[in-house]
Amino acid sequence: MNFSLNDYLEELRPLIDVDCGTYTLDGIEFIANQMSAKYEAMNGWSVKRVDCGKAGVGLEVRNKPDAEHIDVMMIGHMDTVFPVGTAAERPMSMDAEKAYGPGVSDMKSGLLNVVYALRNLDQAVLDKLSICVCMNPDEETGSLDSVDWIQETAKNAKNVLVAEAARANGGLVKARKGMANYKVTFSGKAAHAGNEPENGRSAITEMANWILAANAMTNFESGTTLNVGVVSGGAGANIVPDSATAIIDVRFWDNSEYDQVDTALNGMTHTPFVDGVSIKVEREAYKPSMVPSVQTEALMAMVEESAQELEISINWQEVGGGSDANNTAILGVPTLDGLGPIGAGFHSADEYLLLESIEPRIKLLMRVLTKLAK
């Protein structure tokens, strides 16, 4: 394959040196235009722009747009977690071993690795495969406005490869915890705490009971955890509080166990601990867990075989954070994640991309695609 590290990094630079946090629509548009141009410059690829509502534009790139099935679906996201001003503050930089900058490994290099793999893949392999590359604009906030499109597309796919970064130790991701985020609003009745406290209905007392109940639902053995991470409420120590809010983070390996938690939280609204307090539960984010199936294990074996042939050291990891892989794995489609180059420090100023991993991981992706074509 034709590969120049300098050329790759110069192609990566404009993708880093732009603010494209989720909902930064002009930045997302810039990335979408950059990526569209790369695929349009390659022979035989069609690029479709997808409206993802308030999150902006998504891209669906296919080599056989009329094919009903998709042999390989590859997914990557165009957004980062960083606020406007970050790109100017710390644009892409390099030392002998690493590149740095916002989104350098999460996941602009992953998007670029997919482009390089497809640019360099043998035409005979491409002819045998129906390939679809989806790039969404809102993964970092849970893919809320793109999940329907991603899942609708994945239903026609035989395999899904997510190009998020490989871990610092070379690990690819075979399993990811599911997550859900709830905002719980408590509405009581205010009263003077000195003169007539009995006439009040304390929203904070109700919330306190919910916190204890949420803690009691945690099961460390099975990996289902509830964390009440943010609370607010009350107007003064001398007033029985009439309002309070709690944000609850839920993580889980077992999707059915999560369903029980969801049912329990919603059910608790009908039986308040404090008579006269009303409760509203809103689920603000959700990703099912990604757990490997028998078919996924066959795909893992193919990746392992490819890595051995190329003398690339890999391992498999189970991680706590979610990605778009969660949303396709729940459909029963064999899904693997971490197919991008090696990086670490995601979501922080320490984020880096390991330069020596770029070319081998492009080759790994190419080898896996070649095997899938057979």
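Me: How is a residue's exposure classed here?
Reply: Buried means under 20% relative accessible area, exposed means over 50%, and partly exposed lies in between (1.4 Å probe, protein chains only). The model is predicted: local features need pLDDT of at least 70, side-chain atom pairs count only at pLDDT 80 or more, and totals for chains, interfaces and linings use all residues. Residues are numbered from 1 along each chain as its sequence is written, and side-chain values use heavy atoms, leaving out hydrogens and water.

Me: Why is glutamate 309 called partly exposed?
Reply: Its relative accessibility is 39%. That value falls between the limits of 20% and 50%, so glutamate 309 counts as partly exposed.

Me: What makes glutamate 309 and arginine 367 a salt bridge?
Reply: A salt bridge needs a side-chain nitrogen of Lys or Arg within 4 Å of a carboxyl oxygen of Asp or Glu. Here the closest N and O atoms are 2.7 Å apart. Glutamate 309 sits in helix H9 and arginine 367 in helix H11, so the bridge ties together parts 58 residues apart in sequence. Helices are DSSP runs (H or I, at least four residues), as are strands (E, at least two), numbered from the N terminus.

Me: Is lysine 371 buried or exposed?
Reply: Lysine 371 has 16% relative accessibility, so it counts as buried.

Me: What makes lysine 48 and glutamate 60 a salt bridge?
Reply: Their N-to-O distance is 3.9 Å, which meets the 4 Å limit. Lysine 48 belongs to strand E1 (residues 46-51) and glutamate 60 to strand E2 (residues 57-62), 12 residues apart. Lysine 48 is partly exposed at 45%, whereas glutamate 60 is buried at 9%. By the distance rule, the model has 16 salt bridges.

Me: Why are H2 and H4 called roughly parallel?
Reply: Helix H2 (residues 25-40) and helix H4 (residues 104-120) pack at about 10°, with axes 11 Å apart. Angles under 35 degrees count as roughly parallel, over 145 as roughly antiparallel, 65 to 115 as roughly perpendicular, and the rest as oblique. So H2 is roughly parallel to H4. The axes are lines fitted to C-alpha atoms, for helices over the stretch in contact, and angles run from 0 to 180 degrees between N-to-C directions.
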